[in-house]
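These are my notebook entries on a structure that is new to me. I kept them in the order in which I looked things up.

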Amino acid sequence: MRITMIGTGYVGLVSGVCFSDFGHDVICVDKDPSKIEMLNAGQVPIYEPGLDALMAKNVEAGRLSFTTDLASAVDGADAVFIAVGTPTRRGDGHADLTYVMAAAEEVALAMTGYGVIVTKSTVPVGTNRKVKQVVHKARPDLEFDVASNPEFLREGAAIDDFMRPDRVVVGVQTPRASEVMDEIYRPLFLRDFPVVTTDLESAEMIKYAANAFLATKITFINEIAALCEKVGADVKEVSKGIGMDGRIGNKFLHAGPGYGGSCFPKDTSALARIGQDHAVPQSIVETVIRVNDGVKARMIEKLRDLCDGSFNGKVISVLGVTFKPNTDDMRDAPSLTIVPALVGGGAKVRVVDPQGFREGEALLPGVNWVDDPYKSVQNADLVVVLTEWNEFRALDLSRVAKKMATPRMADLRNVYSPRDAKRAGFEAYEGVGR
């Protein structure tokens, strides 16, 4: 199959590279010349483990290329995937569909024959029908179909998620479109990975409902964690106990400083707005959003207590600022709320993150970036584990404690145990829900 991928952001680039590894011919298109120049030079503009090697392999095989020329890329394509950004629109919480609709119109004007226009971006229910209208208005003579194909990739594990998915969701309107999508995903179907084919609206809703449910699990365990701290329970034991129930499952039950990233904040906000627009308020989702904001605020107060009530004049080492390990993504990361509160309170903040500097330098002004966790804690008053990178999971706690002016730790990911911290010489240790 010949596939065109519009957009080389996280979703577009990972999907394009993986489709080419299936054996399809893939052309990735982006309006940013510098990004295309970087990709053609073999450089990956995002951090995703294994993506650089897989990209190089398929470029060398002649199945993958990059261009700014949309018209030539779309010409003759069996399917054109739209994988552009849908950020939260300022002021109302809706997903901004400006880029999706602009791409749809450009694709329509460039197509030379039948093809399926596939929305890969996360979009509100009803968007694919609007895409169809935009395309038809631009090219009334064009023979085409639209399809919805939401992505379910975890940053840091995206390649494995694409190659070994829990399921592939495809929304279509016609048998012809279904046949094209079946052919694209045949390599997965032949390996018995489930492909769920449904209508457009159900496919769109599946994406939002899935992310909202996972965000709810995270927020639920964070509320339980706050209660555990008051009653003397350990949220890690509670999570283990309830996660063994097959009806609940153990994933996304890890207490911490709140969810962030490219999907959950944006998608919960959009789903809440969709509910309001249709007079069906999504009360649980609205509460999840509110509680998640409160979790971040609670973390700041936890750190303030460890600093004797004031950040002013304190030296604080922050380990990890990306929203999760194995990514350079800073979108809606808890660090963007917590670190500015430390700096604003008068603290001298040192940050260590294996990949966070690229985005974090602009997003976290007033901090000092350090490349070694042990250097960062020299004469520090507090060390904060904010993102659970592997580099921070096996620190020599005794060495850390000895370097600090006042050995105190805020372990916001519950990487260490209170007993180990105390044995290592920490005079104070605070986890989450413990």
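I began with burial: a residue is buried under 20% relative accessible area, exposed over 50%, and partly exposed in between, with a 1.4 Å probe and protein chains only. The model is predicted, so I noted that local features need pLDDT of at least 70 and side-chain atom pairs pLDDT 80 or more, while totals for chains, interfaces and linings use all residues. Residues are numbered from 1 along each chain as its sequence is written, and side-chain values use heavy atoms, with hydrogens and water left out.

**Entry: Lys266**

Is Lys266 buried or exposed? I found that Lys266 counts as buried, because its relative accessibility is 16%. I located Lys266 in helix α12; helices here are DSSP runs of H or I with at least four residues, strands are runs of E with at least two, and both are numbered from the N terminus. Its side chain makes a polar contact with the side chain of Asp267, at 3.1 Å; such a contact is a pair of N or O atoms within 3.5 Å, where within protein one must be able to donate a hydrogen and the other to accept it, and residues adjacent in sequence count only if both atoms are side-chain atoms. Setting aside neighbours within four places in sequence, I listed Thr86, Pro87, Thr88 and Thr122 as contacts of Lys266, contact meaning heavy atoms within 4.5 Å.

**Entry: empty space**

Rolling a probe the size of a water molecule over the atoms shows where empty space is left. On a 1 Å grid over the protein atoms alone, a cavity is a set of points where a 1.4 Å probe fits but cannot get out, a pocket is an open set with protein on both sides within 12 Å along at least five of seven lines, and lining residues have an atom within 4 Å of a point. Grid points are joined across faces, edges and corners, and a volume is the space filled by probe spheres set on the points.

The second largest pocket has a volume of about 200 Å³. I counted 13 residues in its lining, with His94, Ala95, Leu97, Pro124 and Lys130 nearest the centre, and I saw that α6 (127-138) and α12 (264-277) each supply at least two lining residues.

I then noted one cavity of 30 Å³ or more, and about 40 Å³ of space lies in the largest cavity. Thr122, a contact of Lys266, is one of the residues lining this cavity, as are Ser148 and Glu204.

**Entry: the sheet around β12**

I traced an open sheet of six strands with parallel pairing, in the order β11-β10-β9-β12-β13-β14. Its edge strands are β11 (368-369) and β14 (428-430), each pairing on one side only; two strands pair if DSSP finds at least two bridges between them.

Strand β12 (residues 382-385) is joined to β13 (residues 408-411) by three bridges, and β9 (residues 315-319) pairs with β12 over four. Val384 has Val318 as a bridge partner and stands opposite Ala410 in β13, while Val385 stands opposite Asp411. Which way do the side chains of β12 point? Leu382 and Val384 point one way and Val383 and Val385 the other, and all are buried.

**Entry: positive phi**

Most residues other than glycine have a negative phi. I noted Phe252, with phi near 65°, in the loop between α11 (235-243) and α12, and Asn326, with phi near 60°, in the loop between β9 and α14 (335-344). Phe252 is partly exposed at 29% relative accessibility, and Asn326 is partly exposed at 30%.
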